[in-house]
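This report describes one protein chain for a reader who has not seen it before. The sequence and the structure come first, and the description follows.

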Amino acid sequence: MTAAPSRADLVARLAGLTPDQRARLRGRLPQALKQQRRLTPGQHRLWLTQQRLPGRPVDVVCQAVHLTGAPVDLGLLAERVRGFAARHEALRTTFEDGGAGIRPVVHEELPPRLARTRCTGADEAHRMAGELAAEPFDLAAGPLLRVTLAEGPAPDEAWLLVVVHNLVFDAWSFELLLDELARPADAAPASAPAFSDYARGLRQWLGSPAGQEAAAYWAGEVADAPPPLPTDRPRTADGTSRRGGRVDFTVSRAVTEGITAAAQREAATAYTGWLAVAWAALDGFGGRPDVLLGTFTAGRDRPGTAEVAGYLLNVLPVRLRDAGDGTHAARTRAARTATRAGLRHAAYPGELIAAEVSPVRVPGADSLLDAVFVFDNLGEGGREIQGAHAATADLDKGTARYDLTLAVYPGPDGTEGWFEYDRELYDEATVSRLAERFTALATAAAGEDGGRT
């Protein structure tokens with residue numbers, strides 16, 4: 001067997017090429033690189049959803065950032081957005097169907113779509129963002145990043161409206177963008193590792209012993225999965241159009257602090273405490289103590305991924321099935337055990353877990369998960385951009401990524417949240433009752449002293 005050439009051999013060969021040979025080699029490199037790039041499992045799921053619902057963007061980041069307290073140079077913001085897109089490979093990427101499969105195409109230049117306008121206040125700004133999110137994306141032509149910069153009714157008020165297709169962006173990426181917009185003028189931009197390097201590393205990890213161990217763990221977790229939650233109308237074999245609605249709720253500061261304190265007594269996080277409340281609510285809703293929920297992870301466990309812009313978000317199952325004596329404390333302990341076990345294997349793509357489930361548990365893009373739990377502890381303070389306070393709103397896009405999604409956002413003044421639901425499956429009244437049950441259980445859990453939830 002002939003040994004592979006060493007690096008020194010390759011350097012010597014390149015040095016010996018004629019100018020014409022070098023030119024031909026440079027011309028062949030982009031095509032060779034294009035053939036090497038492939039969708040990640042998460043991107044593949046998003047692509048399939050978009051093909052099933054052409055012209056209807058379902059998986060879209062839609063954020064409205066309200067800037068107040070100081071005048072903002074919108075021209076400088078636009079320049080920062082363009083620079084961010086130019087540095088990050090994912091935002092210069094489009095997707096083509098070449099017959100042999102979908103391929104990401106990275107362009108040397110692909111400027112974002114930027115617009116300047118004025119708005120009278122929050123209602124108009126949110127409406128404009130919603131219209132921006134509802135406009136179909138051309139995944140083959142791009143760009144997949146749209147930003148509108150709007151002057152507000154006062155000199156010290158402005159809006160930054162950001163809409164991006166999830167194929168190239170996630171919530172962590174949005175924070176990276178805000179970091180860039182808030183960067184001091186005398187500071188250098190943060191590093192921008194290539195998304196394709198992350199994707200290549202993920203493929204290698206999946207074939208490693210750690211990846212194979214993770215696959216075996218998740219296969220055990222979803223074995224004999226419980227049936228999905230009941231719906232007001234039957235699920236169809238080909239899924240739904242994913243037209244969604246939202247039911248908002250709030251929980252007081254006292255209850256919010258009570259959930260955190262109860263979790264700490266069980267050596268658990270606030271996330272785990274709220275997950276235990278969600279479990280109790282869905283247990284009563286579905287009539288089964290065995291609940292399979294999806295939960296979001298950032299997908300940035302491996303070194304070098306914290307600064308990557310792109311879709312790294314991972315949606316993993318969490319199996320909640322032993323409520324003990326039914327108290328909130330018992331549920332919190334069980335949820336803590338389940339989540340800690342899964343964290344060891346959190347890099348494994350949820351889409352590959354779903355692909356192994358047979359028969360299909362849920363029709364549609366995700367064959368495993370019908371309900372998802374989203375948690376983000378907002379904490380104190382906030383970000384400043386050019387001296388202005390930046391307050392971000394995650395807007396209702398009128399879509400439903402799953403049958404049911406429960407989002408919980410604890411903050412210093414209490415907890416805000418919502419249930420997003422598929423209108424083809426659920427009536428608003430049903431989801432409103434579920435939201436009322438959730439908040440009542442949270443109140444009981446916060447005051448629990450050995451009693452049952």
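Asp-238 lies in the loop between α8 (209–222) and β7. The model is a predicted one. With a relative accessibility of 56%, Asp-238 is classed as exposed, because exposed means over 50%. Its side chain makes a polar contact of 3.1 Å with the side chain of Thr-236. Although Asp-238 and Val-362 are 124 residues apart along the chain, their C-alpha atoms are separated by 9.8 Å.

**The chain as a whole**

The chain has 453 residues, and buried residues make up 49% of them. Its secondary structure comes to 13 helices and 14 strands. Among the contacts with a separation of 6 or more, 77% are between residues 24 or more positions apart.

**The six-stranded sheet**

Six strands form an open sheet with mixed pairing, in the order β7-β14-β13-β10-β8-β9. The edges are taken by β7 (244–251) and β9 (314–320); each has a single partner strand, so one side of each has no neighbour in the sheet. From one strand to the next, the twist averages 25 degrees.

How is strand β8 placed, enclosed or open to the outside? Strand β8 covers residues 291–297, and six of its seven residues are buried, so the rest of the structure largely encloses it. On one pairing, β8 is joined to β9 by seven bridges, and these two strands run antiparallel. Thr-297 is the residue that stands opposite Asn-314 in β9. On another pairing, two bridges join β8 to strand β10 (residues 371–375), and here the strands run parallel. Thr-295 has Phe-373 in β10 as its bridge partner.

Elsewhere in the sheet, strand β13 (residues 404–411) and strand β14 (residues 414–422) run antiparallel and are joined by eight bridges. Within this pair, Ala-407 stands opposite Trp-418 in β14.

Strand β2 (residues 93–97) is joined to β3 by five bridges, and the two run antiparallel. Glu-96 has Arg-103 in β3 as its bridge partner. Strand β3 takes in residues 102–106 and is mostly covered, with four of its five residues buried.

Thr-94 is part of strand β2. Is Thr-94 buried or exposed? Its relative accessibility is 2%, and since buried means under 20%, Thr-94 counts as buried. A polar atom of the Thr-94 side chain lies 3.4 Å from the backbone oxygen of Ala-140. Leaving aside neighbours within four places in sequence, Thr-94 is in contact with residues including Arg-103, Pro-104, Val-105, Leu-139 and Ala-140.

Arg-113 belongs to strand β4 (residues 113–118). At 35% relative accessibility, Arg-113 counts as partly exposed. When residues up to four places away in sequence are not counted, Arg-113 touches Leu-132, Glu-135, Pro-143, Leu-145, Arg-146 and Val-147. Arg-82 is 31 residues from Arg-113 along the chain, and the two C-alpha atoms are separated by 9.1 Å.

| Residue | Relative accessibility | Class |
|---|---|---|
| Asp-238 | 56% | exposed |
| Arg-113 | 35% | partly exposed |
| Thr-94 | 2% | buried |

**A pair of crossing helices**

Helix α10 (residues 270–286) meets helix α11 (residues 328–343), with axes that come within 8 Å and cross at roughly 110 degrees. What does this angle say about how α10 and α11 lie to each other? Angles of 65 to 115 degrees count as roughly perpendicular, and α10 and α11 are therefore roughly perpendicular to each other. Their crossing is right-handed. On the α10 side, the contact is made by residues including Tyr-271, Thr-272, Gly-273, Leu-275, Trp-279 and Asp-283. On the α11 side, His-328, Arg-331, Thr-332, Ala-335 and Thr-339 are among the residues that take part.

Technical notes:
Residues numbered from 1 in each chain as written. Predicted model: local features only at pLDDT ≥ 70, side-chain atom pairs only at ≥ 80, totals over all residues. Heavy atoms only, no water. Pairing = 2+ DSSP bridges. Axes fitted to C-alpha atoms, helices over the stretch in contact; angles between N-to-C directions. Buried < 20%, exposed > 50% of the residue type's maximum accessible area, 1.4 Å probe, protein only. Contact = heavy atoms within 4.5 Å. Polar contact = N/O pair within 3.5 Å; in protein donor to acceptor, adjacent residues only side chain to side chain. Parallel < 35°, antiparallel > 145°, perpendicular 65-115°, else oblique. Left-handed = near helix turned anticlockwise from the far one by under 90°.
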